[in-house]
Amino acid sequence: MRDAAIRHVVARAFEIPTDQPEADGTLAWDRTTIVIVEIEAGGTKGLGYTYADAALVPLIAGKLASVVAERDVFDIAGIGKALWRGVRNLGRSGLAATAIPAIDIALWDLKAKLLGLSLASLLGRRRERVAIYGSGGFTSYSDDTLRRQLASWVESDGCRWVKMKIGSEPEYDPLRVEVARRAIGDAGLFVDANGALTPERALAVAERIATQRVTWFEEPVTSDDLDGLAFVRINAPAGMEIAAGEYGYTLDDFARLLETPSIDVIQADATRCGGISGFLQVATLCDARHIDLSGHCAPAAHRHVACAAPRLRHLEWFHDHVRIEHLIFDGAPQPKDGTISPDLSIPGLGLRLKERDIERFRVS
């Protein structure tokens, strides 16, 4: 086996403008920042990334790089333990917990490359393809834009489900949901309030949109309000599942969601919950509690591990991240009949940076 000691850790941030203004129930934005990490060992580079803030770059390139320097890349568990200990006094959740996943993903990519295996093959595949659902439908969109976007996921990409944002104007949301239903026919319809509503208001909205066969209500209230989530879950119309978990950073966060119990489906985001390692831990927790798991956003990061995770239902095909990942990576996933799959012929994640294309977006 070649030398596997980690020699270099490089972090860069890129800020990508959206194709048009976007908003959900609690936030509006016109650009998205992706932080990319490259780790070198054995003459090979591993690639990882997270969606966060450029403030992660000095944290990764400084403190966290010093933690992993000269460690054996095959000792990912040991490196992870050292990284989490290293941010104890910084606070585990938030920015520190989005920095560590980028490193972890890069380590898994590097390990698979050194072994000459696709990451899905290294992890062990439970499935060959992963179902996706189209996600966007921002509250800033006109009805025409909403209609076109949702319909395209069903008609062009073959998605069985689509998701739209609600919560900016709850009184208008039932009409927007009707527009969405007409656009997608019999496909599954999901809504996401991003925690914008009170439990009572969320339940009132749920009852009004149930007539449009909405089967998934994501973060009707903030995921910090476990009792509020549980209230909506218990009282929601029949057939409407409650989902949350995208802001889970540690395994404890997911354990609390399950213990209340406050949700029907857990969402986990590898770019926030500890990378590939953390996502697999959450998947095991879900399996033990007989709760389905859904991957949140960043499809290029989730494609391989989603093939390995037990009880995985689907993966979010989020408009922002799909656009960014095709812009900056060669090898980004392409949908086929509502699914994506890893390329098993390429070692690691199968991603390569388009250096010439992305330099103009770099945050100095």
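Trainee: Are Phe 190 and Trp 216 buried or exposed?

Mentor: In this predicted model, both Phe 190 and Trp 216 are buried.

Trainee: How is a pair of aromatic rings described?

Mentor: Two values are used: the distance of the ring centres and the angle of the planes. For Phe 190 and Trp 216, the centres are 4.8 Å apart and the planes 20 degrees apart, which makes the pair stacked. Planes under 30 degrees apart count as stacked.

Trainee: Which parts of the chain does the pair of Phe 190 and Trp 216 tie together?

Mentor: Phe 190 lies in strand S6 (residues 188-192) and Trp 216 in strand S7 (residues 214-218), so the pair ties together parts that are 26 residues apart in sequence.

Trainee: How many aromatic pairs does the structure hold?

Mentor: There are nine aromatic pairs. One of them joins Phe 138 and Phe 318, with 5.9 Å from centre to centre and 80 degrees between the planes, an edge-to-face arrangement. Phe 138 sits in the loop between strand S4 (130-136) and helix H5 (143-155), while Phe 318 is in strand S11 (residues 312-318), so this pair ties together parts that are 180 residues apart in sequence. Phe 138 and Phe 318 are buried.

Trainee: Which residues do ring pairs link into a cluster with Phe 138 and Phe 318?

Mentor: The cluster linked by ring pairs consists of Trp 29, Phe 138, Tyr 141 and Phe 318.

Trainee: Back to strand S6. Where is Asp 192, and is Asp 192 buried or exposed?

Mentor: Asp 192 is in strand S6. With a relative accessibility of 0%, Asp 192 counts as buried. Leaving aside neighbours within four places in sequence, Asp 192 is in contact with Lys 163, Met 164, Lys 165, Ile 166, Glu 218, Glu 219 and Glu 246.

Trainee: How are two packed helices described?

Mentor: By the angle between their axes and the distance between the axes. Take helix H10 (residues 275-289) and helix H11 (residues 299-308): their axes come within 10 Å and cross at roughly 50 degrees. That angle makes H10 oblique to H11. The crossing of H10 and H11 is right-handed.

Trainee: Which residues meet where H10 and H11 are in contact?

Mentor: From H10 they are Ile 276, Phe 279 and Leu 280, and from H11 they are Ala 301, His 302 and Val 305. The residues of this contact divide into five nonpolar, one polar and no charged.

Trainee: How many residues of H11 are buried?

Mentor: In H11, 10 of the 10 residues are buried, so the helix is largely enclosed by the rest of the structure. Among the buried residues of H11 are Arg 303, His 304 and Cys 307.

Trainee: Which residues of helix H8 are buried, and what covers them?

Mentor: In helix H8 (residues 226-235), the buried residues are Leu 226, Gly 228, Leu 229, Ala 230 and Val 232. Their cover includes helix H7 (199-209), strand S8 (241-244) and helix H9 (251-259).

Trainee: What about the loop between H7 and S7, where Ala 210 has its place?

Mentor: Ala 210, in that loop, is partly exposed, with a relative accessible area of 28%. Setting aside neighbours within four places in sequence, Ala 210 is in contact with Pro 237 and Met 240. Ala 210 and Met 240 are 30 residues apart in sequence, and their C-alpha atoms are 7.6 Å apart in space.

Methods
Residues are numbered from 1 along each chain as its sequence is written. This is a predicted model: local features need pLDDT of at least 70, side-chain atom pairs count only at pLDDT 80 or more; totals for chains, interfaces and linings use all residues. Side-chain values use heavy atoms; hydrogens and water are left out. Rings of Phe, Tyr and Trp (its six-membered ring) pair if their centres lie within 6.5 Å; planes under 30 degrees apart count as stacked, over 60 as edge-to-face and the rest as tilted. Helices (H or I, at least four residues) and strands (E, at least two) are DSSP runs, numbered from the N terminus. Buried means under 20% relative accessible area, exposed over 50%, partly exposed in between (1.4 Å probe, protein chains only). Contact means heavy atoms within 4.5 Å. Axes are lines fitted to C-alpha atoms, for helices over the stretch in contact, and angles run from 0 to 180 degrees between N-to-C directions. Angles under 35 degrees count as roughly parallel, over 145 as roughly antiparallel, 65 to 115 as roughly perpendicular and the rest as oblique. A crossing is left-handed if the near helix is turned anticlockwise from the far one by less than a right angle, and right-handed if clockwise. Ala, Val, Leu, Ile, Met, Phe, Trp, Tyr, Cys and Pro count as nonpolar, Asp, Glu, Lys and Arg as charged, and the others, Gly among them, as polar.
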